[in-house]
Amino acid sequence: MISHLRPALVSMGLFTILLGLAYPLAITGVAQAAFPAQANGSLVRDAHGKVVGSALIGQVFAKPGYLHGRPSAAGNGYDASASSGSNMGPLNDKLIEREKADADALRAEFPGAVIPADAVTTSGSGLDPDISPAYARLQAGRIATARNAPRGEVLAMIDAAVKPPLLGFIGQPRVNVLDVNRALDARFPMVG
């Protein structure tokens, strides 16, 4: 029996070291060397080096002078430890009520405007850092008023931040909320 057990234990030990230690360390090393920013979470830092967010994870911006992201189903709003969709289907009463309430609030804020779908729906992960250009442009008037800035310049900043689909055909055009809000703070700082 020992003669059969020994090769199995040696194989298990070898593959544990190879696949559980050597391979992850090698991949981590390659990632750190080739893509250090991405391997460390795509962190966004201010001028003083303080981390202000991640380019890959959305965060809550509630003040009127900021671009607001899409709703989040992850915990209490963009909680990365609770990343997931809501698992509510399109006929779920709670989902319908939440989306209707969000749409009604946006219609009250922007009378007569067409409300983009991403303004009331959550993403699959609940952590989406991007919104559609239509939803970003919809918010330009509110941002301009709160920052006492020309609406046209706010729109120009939003339009300049639009990222095209990957390779020109994968996905939709998008606007990173954190990038635009940082640019707004730099160009039109809010007082108080």
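A nonpolar core is a set of buried Ala, Val, Leu, Ile, Met, Phe, Trp, Tyr and Cys residues joined through side-chain atoms within 4.5 Å; buried means under 20% relative accessible area. The model described here is predicted. Its largest nonpolar core has 28 residues.

**Nonpolar core**

- Within this core, the residues with the most contacts are Leu67, Leu106, Ile131, Val154, Ile158 and Leu184.
- At least two core residues come from each of helix H3 (93-109), helix H4 (133-138), helix H5 (140-147), helix H6 (151-160) and helix H7 (177-187).
- Leu184 is in contact with Gly65, Ile143, Arg147, Val154, Met157 and Pro189, when residues up to four places away in sequence are not counted.

**Domains**

- The domain assignment divides the protein chain into domain 1 (2-40) and domain 2 (43-187).
- A distance of 40 Å separates the C-alpha centres of domain 1 and domain 2.

- Strand E1 (residues 43-45) and strand E2 (residues 51-54) run antiparallel and are joined by three bridges.
- Val44 has Gly53 in E2 as its bridge partner.
- Five residues lie between the two strands of this hairpin, and Gly49 takes a positive phi near 85 degrees.

**Three-stranded sheet**

- Three strands form an open sheet in the order E3-E5-E4, and their pairing is antiparallel.
- Strand E3 (130-131) and strand E4 (162-163) stand at the edges with a single partner strand each, so one side of each has no neighbour in the sheet.
- Two bridges pair E3 with strand E5 (residues 174-176) in the antiparallel sense.
- Ile131 stands opposite Val175 in E5; Ile131 is also among the core residues with the most contacts.
- Strands of a sheet pair through backbone hydrogen bonds, either parallel or antiparallel.

**Helices H6 and H7**

- Helix H7 lies across E3, E4 and E5, and runs at about 55 degrees to E5.
- In helix H6, the buried residues are Val154, Leu155, Met157 and Ile158.
- These buried residues of H6 fall within an arc of 160 degrees when seen down the helix axis, so they line one face of the helix.
- The cover over the buried residues of H6 includes H4, H5, E4, E5 and H7.

Conventions. Residues are numbered from 1 along each chain as its sequence is written. This is a predicted model: local features need pLDDT of at least 70, side-chain atom pairs count only at pLDDT 80 or more; totals for chains, interfaces and linings use all residues. Side-chain values use heavy atoms; hydrogens and water are left out. Domain bounds come from an automatic or database domain assignment. Buried means under 20% relative accessible area, exposed over 50%, partly exposed in between (1.4 Å probe, protein chains only). Helices (H or I, at least four residues) and strands (E, at least two) are DSSP runs, numbered from the N terminus. Contact means heavy atoms within 4.5 Å. Two strands pair if DSSP finds at least two bridges between them. Axes are lines fitted to C-alpha atoms, for helices over the stretch in contact, and angles run from 0 to 180 degrees between N-to-C directions. The arc is that of the directions from the helix axis to the C-beta atoms.
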